[in-house]
There are 2 protein chains.
Amino acid sequence: MSSEAVPTGPRVCGIADALVLVGDRWSLLALRELGFGVGRFNEIQVNTGAPRASLSARLRSLEEGGLVQRQRYSEHPPRDEYLLTEAGRELLPVLGELRAWGERHASPRVRGTSS
Amino acid sequence: MSSEAVPTGPRVCGIADALVLVGDRWSLLALRELGFGVGRFNEIQVNTGAPRASLSARLRSLEEGGLVQRQRYSEHPPRDEYLLTEAGRELLPVLGELRAWGERHASPRVRGTSS
DNA sequence: GTAGTCAGTTCAGTTCTTGAACTTGCCTGT
DNA sequence: ACAGGCAAGTTCAAGAACTGAACTGACTAC
């Protein structure tokens with residue numbers, strides 16, 4: 001038997017909960033930008049490459065999930081920008097590790113001396 | 001004035017590369033099961049709740065991405081199980097942090113004493 | 001007044017995901 | 001032997017989600 005008391009069953013852990021909030025293609029990229037201090041819609045859109053509609057939906061669900069908050073920076077042309085909440089900021093270390101992993105294992109480029 | 005010389009531009013970093021491999025709803029959950037030592041298709045399927053077709057596709061792409069490898073555990077009824085490669089195992093700490101974050105911020109349950 | 005910026009929304013088409021069967025190969029019970 | 005099961009997938013139609021391009025408002029610049 002390979003298993004040593006690994007309890008098998010319908011395991012529910014925080015990973016599943018986390019993925020409900022950030023388990024899609026664009027959320028983490030948007031969060032990365034917010035972590036860089038970029039909070040404007042168009043900048044996030046350009047830097048991540050997400051389609052505007054997707055980004056809009058994603059930011060909205062991140063806001064509902066309590067990861068980001070919207071702040072008005074211009075009244076008259078009503079313009080908002082997005083900021084990380086504490087919950088969002090606490091995700092940044094995870095993103096950092098994910099980036100490190102990605103650079104080690106997922107990047108087809110560089111991986112050596114040049115450039 | 002929150003920004004202090006944050007270079008704006010088309011930022012490309014390992015996060016995007018990582019998300020190509022694991023940036024979907026089921027990959028990380030499957031990886032979690034593999035991390036628990038559960039490598040059988042049906043068990044992963046039940047524990048994660050992923051539809052069979054999705055799981056099959058996901059495991060294939062994880063295999064192509066070098067995160068898991070398939071190992072035959074029965075010849076005559078040809079049956080494979082999945083194991084983490086080194087790249088896959090190195091992702092487990094990230095998953096651990098994601099779980100910790102999820103338990104702190106994404107779970108609607110618990111969250112301390114009151115509620 | 002014409003053009004441009006910013007933050008989204010709308011639209012129609014494409015792609016992805018899902019659940020429910022179905023298949024293949026073997027093992028079990030009677 | 002033969003029906004019935006289990007395991008690991010595959011197939012298919014339907015539905016959900018995503019996408020790029022164009023459009024809306026509310027301004028600002030020339």
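1. By class, how many nonpolar, polar and charged residues does the surface near DNA strand C have? There are five nonpolar, four polar and eight charged residues. Ala, Val, Leu, Ile, Met, Phe, Trp, Tyr, Cys and Pro count as nonpolar, Asp, Glu, Lys and Arg as charged, and the others, Gly among them, as polar. Near means that the C-beta atom, placed from the backbone, lies within 6 Å of the strand.

2. This is a predicted model: local features need pLDDT of at least 70, side-chain atom pairs count only at pLDDT 80 or more, and totals for chains, interfaces and linings use all residues. Residues are numbered from 1 along each chain as its sequence is written, while chains are lettered from A and ligands numbered from 1 in the order in which they are written.

3. DNA strand C is surrounded by 17 residues. A:N42, A:S56, B:P51, B:S54 and B:P77 are the closest. Two or more residues come from each of α3 (41-48), α4 and β2 (79-84) of chain A, and from α4 of chain B. Helices (H or I, at least four residues) and strands (E, at least two) are DSSP runs, numbered from the N terminus.

4. Now DNA strand D. Around it sit 19 residues, the closest being A:P51, A:S54, A:H76, B:N42 and B:S56. α4(A) gives the most to this surface, with four residues. The classes here are seven nonpolar, four polar and eight charged.

5. Look next at A:A30. Beyond its neighbours within four places in sequence, A:A30 is in contact (C-beta atoms, placed from the backbone, within 7 Å) with A:I44, A:T48, A:L55, A:R58, A:L59 and A:L62.

Note on methods. Two residues are in contact if their C-beta atoms, placed from the backbone, lie within 7 Å.
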